Amino acid sequence: MSADLSVNFTGLKFENPFLLASAPPTESENNILRAFDAGWGGVVTKTIGLHPVVNVRGPKTKFMRASADSCQISMKKLPNSALHSSWNWELISDKVLDWWIPRITNIKKQHPSKILIASIMAGSGSDKELANWQLLAKSCQEAGADGLELNLSCPHMDRADMGSNIGKNQELCSYVTQVVKEVATIPVWAKLTPSTTDIVIEAKAAFRGGADAITSSNTFPSIPLIDSETLEFEIHVDGFVSSGGLGGPAILPLALAKMSQMTLAFPDKSFSGIGGISDFSQALNYFLLGCGTVQVCTAAMLDHAIGPNVIKTLKNGMTAFLEKNAERGWKSLEDFRGLRRDRVVLQSQIARPTGADYFGGHEVSEGYSGAS
Ligand SMILES: Cc1cc2nc3c(=O)[nH]c(=O)nc-3n(C[C@H](O)[C@H](O)[C@H](O)COP(=O)(O)O)c2cc1C
């Protein structure tokens, strides 16, 4: 009997807990159909807005590699190198709502048992903008989407009342979620930005607004590196750059730190983990911290645009893991989800060589030598 990879997450039944994240792999009907054929349990569409966006001239995404022979990290093709990260300054989908609606319906018709989450984004500067969130939500759900993901996290939107600018404001996180929940009959996930001081605050706000799950992380704000020969940024337009987003292996430990803060604070809530996943060992980190699903972007972009080999590796990895641990009675993700959540503690709770030498970082009046 083959292992049961299925999960129930926010009331939705996924045949496996692996989703393509909102990004180029899910930017078209053709890509999403290919992704479902390849075995992904679900997809989150590229973020859908109401107004057309215009991206910068030239490449929108590049990949950085780290050389094994030198200390170099570069977007140039280095010999003997491994993937370090993706860097992008792409905006949301350049196709607007009307383009997406019939496609969502058709995709669901062809794959009724696969899960399609529509990522949506509007502004927050006026009541009209807030009503746009409702319009997007209602339209996608009527078209057949199984759930909604609110993009409160794009780090490089060209509007000040959108994306991570909402995600950095706890009142707006709560309010936008609440506005969508007023019209939503399907689960609503809030995708938060990792670039705040304490993500637990924004997570709490989104849950207060009624979010059924938190998704994290979007890409981390970053700029491209400067080429030491040309003294130009490795990606630029007319010599200029602006802050963009870092994804891929480099962000795995950073994204896990954000996730562990939230799963510790809200152990009974639902979380979808993203950041630096390309095989099951990385996905396992998110599961052991408490996530119920995970999402993949960078690794899939580099694997035939939608990750047919990545999903195969993820599914095989989880199957092998369940088989290896069958003697512990583990039959599904629920049996090991969150198992390491409580191992992340304060520095002060980590053991010292001898407890008597520890003063919690405070001055000892007699000096260390006299404190034994
Ligand atoms: C080129 C590119 C475009 C992206 N576009 C979106 C988007 O439209 N909406 C969104 O929520 N996240 C977007 N993301 C973020 C990804 O969904 C994901 O959160 C991030 O890349 C981290 O995952 P990874 O390490 O697997 O790449 C984009 C990422 C990349 C690289």
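Asn-88 stands opposite Gly-245 of strand S13 in this predicted model. The two strands involved are S7 and S13, the latter covering residues 244-247. S7 and S13 pair in the antiparallel sense, over 3 bridges. S13 also pairs with strand S12, residues 220-222. That pairing is antiparallel and again rests on 3 bridges. Here Gly-245 is the bridge partner of Pro-221.

Of the 29 residues around the ligand, the nearest are Ala-21, Asn-88, Gly-247, Cys-297 and Thr-298. Two elements give two or more residues to the shell: strand S7 (81-88) and helix H9 (298-301). By class, the shell around the ligand holds 15 polar, 11 nonpolar and 3 charged residues.

The peptide bond from Ser-216 to Ser-217 is cis, with omega near 15°. Ser-217 sits in the loop between strand S11 (213-216) and S12. The loop between S12 and S13 contains Asp-238. Asp-238 is not a glycine, yet its phi is positive, at about 55°. Asp-238 has 6 other C-beta atoms within 10 Å. The cut-off for an exposed residue is 12 or fewer, so Asp-238 counts as exposed.

A positive phi also occurs at His-304, again about 55° and again not at a glycine. His-304 belongs to the loop between H9 and helix H10 (308-324). H9 is one of the elements of the ligand shell. His-304 has 13 C-beta neighbours inside 10 Å and counts as partly exposed.

The C-alpha trace spans about 75 × 60 × 45 Å along its principal axes. Of the 372 residues, 44% count as buried. Contacts between residues at least 6 apart in sequence were also examined. Of these, 70% join residues at least 24 apart.

Definitions and conventions:
Residues are numbered from 1 along each chain as its sequence is written. This is a predicted model: local features need pLDDT of at least 70, side-chain atom pairs count only at pLDDT 80 or more; totals for chains, interfaces and linings use all residues. A residue is near a molecule or strand if its C-beta atom, placed from the backbone, lies within 6 Å of it. Helices (H or I, at least four residues) and strands (E, at least two) are DSSP runs, numbered from the N terminus. Ala, Val, Leu, Ile, Met, Phe, Trp, Tyr, Cys and Pro count as nonpolar, Asp, Glu, Lys and Arg as charged, and the others, Gly among them, as polar. A residue is buried if 20 or more other C-beta atoms lie within 10 Å of its own, exposed if 12 or fewer, and partly exposed in between; C-beta atoms are placed from the backbone. Two residues are in contact if their C-beta atoms, placed from the backbone, lie within 7 Å. Two strands pair if DSSP finds at least two bridges between them.
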